[in-house]
Amino acid sequence: MASASLLSSSPVLGKSEWVKGGQSIRLPSTSAVRCLPATVTIRASYADELVKTAKTIASPGRGILAMDESNATCGKRLASIGLENTEANRQAYRTLLVSAPGLGQYISGAILFEETLYQSTVDGKKIVDILVEQGIVPGIKVDKGLVPLAGSNNESWCQGLDGLASRSAAYYQQGARFAKWRTVVSIPNGPSALAVKEAAWGLARYAAISQDNGLVPIVEPEILLDGEHGIDRTFEVAQKVWAEVFFYLAENNVLFEGILLKPSMVTPGAECSDRATPEQVASYTLKLLKSRIPPAVPGIMFLSGGQSEVEATLNLNAMNQAPNSWHVSFSYARALQNTCLKTWGGRPENVKAAQDALLLRAKANSLAQLGKYTGEGESEEAKKGMFVKGYVY
């Protein structure tokens, strides 16, 4: 459990800044932008706010709840507990998540789908307002999903740059203060140089556009778990991908102090017979961070990528057993929600039990961010893997 002193001592935004911060022009701090050429004037009105938002999300003992499943993906989750994919059912489930008492003690940011950003709870309160009251920064998924990449080895690219500036401005006005764009790289399919470059360039353009409109960009170059490869191959591919991503971020004058990275942990492929211990995952992943990530980046918010709830928490905890240059934390979807969803089962009488399950997982990952998670008392459900081969979000 994160101590009150840890949370109170971290830099935080006032609630009014999350919702109303863009109504006045803000000048950049010279320390935040002095590394840029003198001719670069972009993001002048948001630089300070971007840095504050990123630091707020990357605060001790807290991480991100990714609840940005598209309506189609949310439908798959609801179908797993026998519920129809209707707006009312999606609203009921999302209400359950954001209104869990005390969630903000462990969660600093919540990524929302567009429907949820504009949605109210079943009690008629705006979901954005509920999050702010909990001390949680609202975020928004802005990409438009993966589509086939012509000329590649059956790989994909992420669409959504068209109209992103105007959409981001509207999301900011609605209360969002950070954004998420997910692209993927497949090791069994190469990855081809074309796919890596497309992923890196798309992330960089998205990041620049987001910062221009006041949103801290979460940069998410996911290395998919699919494959039989070992951990060394994952490390090799991730080195290339991360190098390409940060090269193009710099080319696009993205403010590193105002971004968050959401990468995969360095693990063997899901079908590899040689499994890695949490200590091995931590060793490889931290080595990769040290060789590729500028210390200016305030937060590394790892995705779970189909790991079990317990596995994702153990690996995160292992990375926080020794001091490092970054805030190493989590941005989990299924690894926070799986037991919660199954406990709820769509029944109103199970809401409190489901919220308790969510809080249990959030607290476990809070402890892991502080390097204090032990793994004691975990349920068998929390230990079940969630990898799905060829999974489509």
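**Group meeting: aromatic pairs and the nonpolar core**

Good morning. I begin with a cluster of aromatic residues: ring pairs connect Trp 201, Phe 247 and Tyr 248. Please keep in mind throughout that this is a predicted model.

The protein contains 15 helices and 10 strands. It has 393 residues, and 58% of them count as buried. The exposed surface comes to about 15700 Å², of which carbon and sulfur atoms supply 53%. As for the contacts between residues at least 6 apart in sequence, 80% of them join residues at least 24 apart.

I turn now to the interior. In soluble globular proteins, nonpolar side chains tend to be buried together. Here, the largest nonpolar core holds 108 residues. Which of its members touch the most others? They are Leu 103, Tyr 206, Phe 246, Leu 249, Leu 289, Ile 293 and Trp 344. Helix H11, spanning residues 231-251, gives the most to this core, with 10 residues.

Setting aside neighbours within four places in sequence, Leu 103 is in contact with Leu 65, Leu 97, Gln 134, Ile 136, Leu 358, Leu 359 and Ala 362.

Let us return to the aromatic residues. The count of aromatic pairs is eight. One of the pairs consists of Tyr 93 and Trp 344, which are stacked, with 5.5 Å between the centres and 20° between the planes. Where in the chain do Tyr 93 and Trp 344 lie? Tyr 93 belongs to helix H6 (residues 87-98) and Trp 344 to helix H14 (residues 334-344), so this pair links distant parts of the chain, 251 residues apart. Are these two residues buried or exposed? Tyr 93 has a relative accessible area of 5% and is therefore buried, the cut-off being under 20%. Trp 344 is likewise buried, at 5% relative accessibility.

A second pair is formed by Phe 246 and Phe 256, in an edge-to-face arrangement: the centres are 5.5 Å apart, and the angle between the planes is 80°. Phe 246 is in helix H11, while Phe 256 is in the loop between H11 and strand E8 (260-261), so the pair ties together parts that are 10 residues apart in sequence. Phe 246 counts as buried at 8% relative accessibility, and Phe 256 counts as buried at 17%.

The charged end of Arg 177 sits over the ring of Tyr 172, at 3.6 Å from the ring centre.

Ala 195 is part of helix H10, which covers residues 193-212. With a relative accessible area of 5%, Ala 195 is buried. Apart from residues up to four places away in sequence, Ala 195 touches Leu 149 and Glu 155. Val 184 is 11 residues from Ala 195 along the chain, and their C-alpha atoms are separated by 8.9 Å.

Notes. Residues are numbered from 1 along each chain as its sequence is written. This is a predicted model: local features need pLDDT of at least 70, side-chain atom pairs count only at pLDDT 80 or more; totals for chains, interfaces and linings use all residues. Side-chain values use heavy atoms; hydrogens and water are left out. Helices (H or I, at least four residues) and strands (E, at least two) are DSSP runs, numbered from the N terminus. Buried means under 20% relative accessible area, exposed over 50%, partly exposed in between (1.4 Å probe, protein chains only). Contact means heavy atoms within 4.5 Å. Accessible areas come from the Shrake-Rupley method with a 1.4 Å probe; for residues, only the protein chains shown count as cover. A nonpolar core is a set of buried Ala, Val, Leu, Ile, Met, Phe, Trp, Tyr and Cys residues joined through side-chain atoms within 4.5 Å. Rings of Phe, Tyr and Trp (its six-membered ring) pair if their centres lie within 6.5 Å; planes under 30 degrees apart count as stacked, over 60 as edge-to-face and the rest as tilted. A charge sits over a ring if NZ of Lys or CZ of Arg is within 6 Å of the ring centre and within 35 degrees of the ring normal.
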